[in-house]
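Student: I'm new to this structure. Could you walk me through how to read a few of its features?
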Amino acid sequence: MTNAKSGPDARSDFEKTFDPAGAEQEIYDAWERAGAFRPSDAPGAEPFTIVIPPPNVTGSLHMGHALNNTLQDILARFERMRGKSVLWQPGCDHAGIATQMVVERQLMERQEPSRREMGREAFVRRVWEWKEESGGTITRQLRRLGASCDWSRERFTMDEGLSKAVARVFVQLYREGLIYRDKRLVNWDPKFQTAISDLEVENIETDGHFWHFRYPLADGATYEFPVEYDEDGKPTKWETRDYVSVATTRPETMLGDTGVAVHPDDDRYKDLVGRFVELPIVGRRIPIVADEHADPEQGSGAVKITPAHDFNDFEVGKRAGLPAINVMTDDARIALLDNGAFLDGLDPTPARRKVWEALDGKDRFEARKIVVAWFEENGLLDRVEEKKVVQPFGDRSGVVIEPYLTDQWYVDAKKLAEAAIAAVEQGKTRFVPENWTKTYYQWMHNIQPWCVSRQLWWGHQIPAWYGPDGHCFVAESEEEARRAAIARYTAEGYTLEEIDRMVRGEGEGPLLARDPDVLDTWFSSALWPFTTLGWPDAEREGHADHAVLKTRYPTSVLVTAFDIIFFWVARMMMMGLHFMKDVPFRDVYIHALVLDEQGRKMSKSKGNVIDPLALIDKYGADALRFTLAAQAAQGRNIRLAEARVEGYRNFATKLWNAARFCVMNECVAGPGFDPASATATLNKWIVHEANACVGEVSAAFETYRFNDAAGAIYRFTWNVFCDWYLELAKPALQGDDAAAKAETRQVAGWTLERILKLLHPFMPFVTEALWGKTARREGLLMLADWPLEFAELRAPEAAAEINWMIGLITAIRSLRAEMNIPAAARIPLEAASLDDAARARLAAHEGVVRRLARLSVVSLVDAPGQGAAQFVHDGAVFALPLAGVIDVAAEKARLEKEIAKAEEEIARVDKKLANRNFVERAPAAVVEEQKSRRADYAAQRDKLAAALDRLKAL
RNA sequence: GGGCGCAUAGCUCAGUGGAAGAGCGCCACCUUGACACGGUGGAGGCCGAUAGUUCGAUCCUAUCUGCGCCCA
């Protein structure tokens with residue numbers, strides 16, 4: 001990285017580039033050592049609190065985390081510098097399925113006993129061991145990003161305190177009737193053999209088939225089915241049928257059919273309602289029922305009903321009183337032979353038994369083939385259609401989800417949603433950008449019961465115990481449950497001895513058996529905004545976190561991506577309102593998704609994942625952070641291109657070198673320096689611009705406009721400070737005027753300090769490094785004061801003057817380039833027809849203009865000399881007298897083009913001004929502006945025309 | 001089917017009811033004592049289409065076309 005320089009050098013300890021890899025860790029440690037991540041206890045400091053969206057404990061940092069945590073860190077650092085007492089609360093969730101999966105895989109790889117072999121207690125101990133060893137990956141990675149979380153408060157959803165809170169919540173909701181046990185269809189994941197919630201199912205359209213089966217009518221019945229229609233849709237031809245055709249995308253489920261439904265208005269089947277078909281393979285007599293679920297347009301219009309294996313059919317079955325017969329096992333194999341519910345009422349003829357035996361124990365997809373083959377062989381397969389079908393997949397397991405009839409615990413989400421909807425309607429919580437409120441309402445208004453039980457071992461075990469008679473005791477502890485059980489059974493007439501025997505596990509069995517299931521991970525995540533702050537224990541006065549809980553709930557803002565509005569935001573709203581009687585956060589800032597360059601989601605299978613840590617290694621955390629923030633425009637996804645990261649790394653280097661220049665020139669603001677005291681126009685100008693930038697950046701942060709804030713500080717640093725101020729200041733810094741030099745040093749140092757502060761939330765490492773390198777300073781930049789915008793630092797006249805000069809230099813450079821004047825050549829400049837103000841400006845800045853435009857002399861003339869290249873700047877004519885050097889014809893052409901351009905503008909303005917409606921109805925200021933524009937263009941045109949005349953006179 | 005969003009320079013994207021912007025890329029020139037991870041200059045756009053509102057539309061409204069995402 002470093003450029004080799006021979007011999008001692010004043011700059012030897014200030015390398016030409018910042019070395020992020022070498023510096024980041026050290027800087028982060030310095031922050032941590034200084035306790036800079038802990039909330040300030042300054043009296044009167046306003047609390048500012050963010051709870052981190054807890055990453056999955058098995059996870060590692062991906063680009064979504066990088067963006068999410070960069071934005072949180074920016075807010076945290078900004079508010080901290082502004083003097084608020086900032087708590088950024090970190091932690092992980094325990095990720096039930098994912099973690100269990102990781103540990104099981106580990107057991108398998110190491111050829112150790114499986115989960116089931118070692119038993120629940122040993123397995124859970126194993127998971128904890130894994131967590132201690134490998135669970136902290138992502139929090140280490142967040143440190144590399146620069147995240148200023150208060151690690152001393154790190155929490156985990158399986159912590160003792162949080163687990164206690166989960167039990168408390170469960171019990172209270174149960175007692176309030178908001179949690180209940182119910183037997184209904186769930187989304188069953190056959191791979192993990194657990195229920196999952198609707199949200200954990202991904203519906204994906206895949207290529208599938210629609211198999212049309214014939215179900216023979218029972219009792220030898222027949223009917224007339226229309227097969228041809230006239231133009232009006234009236235049937236003209238019928239055929240006699242002794243079967244009903246049904247279509248299915250999942251043939252194996254027919255084994256559990258208990259009915260066939262037709263639409264009540266479907267004339268074709270009117271006479272069949274109330275009759276029966278004989279279910280092939282099975283031999284069950286099942287009724288034909290009328291139900292509006294049957295779609296006359298779809299297939300034949302008749303639909304098989306499998307209440308135990310299809311959500312819609314379950315409802316139809318309930319309406320029609322059809323039984324639900326489960327024909328599958330937990331791992332999605334067909335279960336017939338030992339299946340009492342299936343066998344009930346059937347006649348197991350040898351032919352049937354043979355098919356059942358072939359099917360029994362087969363995987364559902366195997367069974368599907370067997371069923372289809374059977375229908376084909378028996379002439380009952382009408383046809384097979386290729387069809388796009390939407391299939392449900394488990395988001396973790398990737399296997400097809402099976403609707404499955406089981407007992408599960410449910411949260412009455414609909415009831416809890418009421419307060420959560422009202423809170424947003426009343427503006428207690430605000431979504432930014434605002435349009436996400438619609439998504440939130442949409443979900444909340446259509447919310448379904450939330451299945452919270454999972455058939456896993458890793459998680460919060462449900463605090464419910466069952467007595468010998470199956471009675472359920474829900475309690476926060478086993479002791480409490482036992483007391484309740486004893487009370488109940490005593491009242492029922494059991495003797496104490498009998499109960500005692502049961503407690504010891506003798507006699508009929510143990511008194512209480514705990515529900516083996518655990519809760520959905522999101523159940524504990526929903527409590528995160530208050531459990532991490534110490535609830536419920538901290539409600540007690542005198543508890544260490546009592547004040548924390550009281551002052552920091554509701555938290556200030558939640559920063560998250562839209563894809564977990566349903567998973568998490570909505571559920572935190574419900575739980576927070578129910579248990580804390582207030583919303584969990586004031587603002588919800590919803591940020592973008594990070595996509596690849598082509599706008600595709602990053603995924604391992606696509607191989608388009610960009611690893612944030614690799615980018616940090618290559619370009620530094622600052623560059624990655626700035627890239628993400630600069631692109632975090634509201635309501636838009638981020639397409640991440642590495643070139644962009646490289647560009648912002650270059651920006652960091654630019655800043656680094658500007659600071660290096662400042663150090664070399666001893667540019668430091670003294671402790672008592674007052675920027676309002678600057679006298680030089682140049683200095684007043686940069687103070688003015690820096691002050692405006694302070695306002696812009698602060699305002700942008702306050703409204704979560706990260707990209708605007710990034711843009712403002714980027715432009716100011718590079719295009720104002722580096723490109724112009726430092727260049728313009730060089731004569732003063734390297735000249736002999738001691739007073740001017742001193743003031744310029746102070747102002748340059750002061751401005752650099754503004755930049756470091758404004759940039760710090762985006763680029764904490766390089767700015768902190770420079771903070772330490774550019775002046776003797778006490779304390780860390782991270783804890784320095786955020787600058788304020790002051791009206792007295794405004795200097796519009798100075799700004800106008802410097803902008804005039806910048807315009808002049810740019811015009812000269814432009815003309816030089818067009819004239820192909822060698823960059824190194826110093827040439828004279830003539831100025832004609834300057835007014836007094838312009839003359840004064842030119843005189844004041846002649847030195848820098850000569851330097852930056854590479855001029856030899858500047859002279860005032862009445863009229864430009866013969867054969868000069870001429871241009872107009874702010875109403876004055878300037879010329880580069882290059883007789884003999886310039887191509888007269890080309891110069892004429894150039895002037896003509898310029899004139900034409902001016903005239904085009906004049907014509908456009910004239911057209912506007914000629915429109916009476918415009919003059920009468922547009923605001924006066926707008927009309928004035930147009931008039932003044934016209935005057936400017938006209939003056940320019942005239943001057944250019946005169947210049948052209950002079951050239952023609954040659 | 002319901003909802004949300006996008007279409008602006010070659011690419012990635014800002015932006016505003018009253019003079020089209022950035023980064024990257026491209027072209028030309030420049031190793032000038034902060035910086036070649038740099039400097040200077042430049043080319044490049046009927047702001048998706050149509051209609052409407054307006055004195056005035058890239059911006060507001062409607063329709064259309066194309067493309068995303070979420071939910072059923």
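Tutor: H27 is followed by Asn820, whose phi is positive, near 60 degrees. This is a predicted model, where local features need pLDDT of at least 70, side-chain atom pairs count only at pLDDT 80 or more, and totals for chains, interfaces and linings use all residues. Residues are numbered from 1 along each chain as its sequence is written, and side-chain values use heavy atoms, with hydrogens and water left out.

Student: Which residues of H27 are buried?

Tutor: Buried means under 20% relative accessible area, exposed over 50%, partly exposed in between (1.4 Å probe, protein chains only). In H27, the buried residues include Trp804, Met805, Leu808 and Arg816.

Student: What is the strand order in the open sheet of four strands?

Tutor: Strands of a sheet pair through backbone hydrogen bonds, either parallel or antiparallel. Two strands count as paired if DSSP finds at least two bridges between them. Here the order is S29-S28-S31-S30, with mixed pairing. S29 and S30 are at the edges with a single partner strand each, so one side of each has no neighbour in the sheet. S28 and S31 run antiparallel, joined by three bridges.

Student: How many disulfides are there?

Tutor: A disulfide is a covalent bond between the sulfur atoms of two cysteines; the cut-off is a pair of sulfur atoms within 2.5 Å. The count is zero. For Cys472, the closest cysteine sulfur, in Cys451, is 15 Å away, too far for a bond.

Technical notes: Chains are lettered from A and ligands numbered from 1 in the order in which they are written. Helices (H or I, at least four residues) and strands (E, at least two) are DSSP runs, numbered from the N terminus.
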